[in-house]
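Hello,

Here is the structure I promised to pass on. Please open it and follow along with the notes below.

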Amino acid sequence: MTDKHVAEAGGAGIDDAASDGTGTEGGQTPLRRAITGKLLFLFILGDVLGAGIYALVGEVAGEVGGAIWVPLALALGLAMLTAASYAELVTKYPRAGGAAVFARHAYRHPLVSFLVGFCMLAAGVTSAAGLALAFAGDYLQVFLDVPTTVAALVFLLAVAALNARGITESLRANVVMTVVEVSGLVLVVVLAGIVLGRGDGEPQRVLEFTDESTPALAVLGAALLAYYSFVGFETAANMAEEVRDVRRVYPKALFGALLVAGVVYVLVGLAVSVVAPPERLVESSGPLLEVVSIADVGIPDELFSLIALIAVANGALLTMIMSSRLTFGMARDGLLPGALAKVLPRRRTPWTAILATTAVAMVLSATGTVAALAETVVLLLLFVFISTNVAVLVLRRERTDTDHFRAPTILPVLAVISCIVLMTQQSASTWLRAGILIVVGLVLYLLARVTGSGGRPVADDDRAEGDAEPS
């Protein structure tokens, strides 16, 4: 299958990205094409790795018991199903806006497109709010005894400043932070090996399940939280206009990053279970720090806490990059007020979208807990994933003449089923919280329609602008 609207592009380094945003075959974008294949891989890996596992492994242990690795492995498989749909649609329609763009082409109704995009946007800012709280929790308290809410708000302002400075600077920071957060997870695995080597630890725990439920139900319930550790792979869809040769590099970067993250997560799940009992992990908001303390090999708590803080900060930065680009794309396509599509002239970053998403994240961080916000993120994204997986099948009707990735038909079908199953595990309070956010989105949509403040919708003929050849 192919796409006549997208031109192939060459890939070069960051510094010589096309500054005018104009493709050699007529495709245009006001955003800088500064993301190479390697940077995209690190973007996805950095967004997936770290934040969830550093903050929520204790919650997973509370659901499933010692077999922490099982729901992590299940969550990886479920994430890979939906990732295949993203690989097909991103390489077919490489525009900022991601799932909202896919919904617009598939269902051809602005309200449906808005709801999908807004669920994605709400999930992004909710996730950033939860990560800000995780940043301000036990890991930060090792260094500073400050009120959690105040620390979370200051943290979000710092993330906004880096986001506004530029995509290149943000992704360079991501490279450094990704290396640091991976090193922290590798350290946990190594420490577990040391504990086992000296005759301590309890390896049998990796096959023990909680007595409060059957193993199958326990794994399914824990997979809901574990799924949060893998979300982030979908955010790269909103960077499509800033990726060079997106059709060639996106599937490789997406699947490669998810597989690497999955292997690391399973190893960490095994390591944590061997070293620390589930009840001790549940009681801590810095569960991986418990492994460092139990191993007691001379690694200061401050060092590992710093690594954890960097991991959580990286997740928040990449999530806010996605949220601001999605807001920009929706505003440009007439689904949000046009003022949100303004771009800084020199930095070429969507500054009004950055300000708006940061403000909402700050409000959410003051009104929820890490676990509650994480569950809300997953529920909102499940709506998005169902839409995207159905859109893959609907858009197969469009004939194209340029190669792009195509997922086996069975994968989006299984992905839809898996999303519905995960929805059944959500609590009533989570449904209520997500419902309130969606209602707020509908009010914004109606206001934009009534006032006529929405931007110009993009015509179908313009739906997939091409990659720019570096000048």
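A salt bridge is a side-chain nitrogen of Lys or Arg within 4 Å of a carboxyl oxygen of Asp or Glu. Keep in mind that this is a predicted model.

Salt bridges come first. A search of the whole structure finds 4 of them. In one, Arg280 pairs with Glu290, at 2.7 Å from N to O. This pair links distant parts of the chain, with Arg280 in helix H11 and Glu290 in helix H12, 10 residues apart. Arg280 counts as partly exposed because its relative accessibility is 33%. Glu290 is at 16%, so Glu290 counts as buried.

Next, look at Arg396 and Glu88. Their closest N and O atoms are 2.8 Å apart. The two residues are 308 residues apart in the chain. Glu88 lies in helix H3, and Arg396 sits in the loop between helix H15 and helix H16. Arg396 is buried at 13% relative accessibility, and Glu88 is buried at 1%.

Arg205 and Glu202 also form a salt bridge, at 3.4 Å from N to O. Arg205 is buried at 7%, while Glu202 is partly exposed at 36%.

Now the surface. Glu59, Glu63, Asp211 and Glu212 form a patch of negative charge there. Glu212 is in the loop between helix H8 and helix H9, and is exposed at 76%. A nonpolar surface patch covers about 620 Å², and Ile436 is one of its residues. Ile436 belongs to helix H17.

Last, find Ser127 in helix H5. Ser127 is buried at 8%. Beyond its sequence neighbours within four places, Ser127 contacts Tyr228, Thr319 and Val377.

Best wishes

Definitions and conventions
Residues numbered from 1 in each chain as written. Predicted model: local features only at pLDDT ≥ 70, side-chain atom pairs only at ≥ 80, totals over all residues. Heavy atoms only, no water. Patch = residues over 30% accessible without salt bridge, like charges linked within 9 Å, V, L, I, M, F, W, Y side chains within 5 Å. Areas by Shrake-Rupley, 256 points an atom, 1.4 Å probe, with all protein chains shown as cover. Lys, Arg positive; Asp, Glu negative; His and termini not counted. Charge placed at Lys NZ, Arg CZ, Asp CG, Glu CD. Helix = DSSP H or I, 4+ residues; strand = E, 2+ residues; numbered from the N terminus. Buried < 20%, exposed > 50% of the residue type's maximum accessible area, 1.4 Å probe, protein only. Contact = heavy atoms within 4.5 Å.
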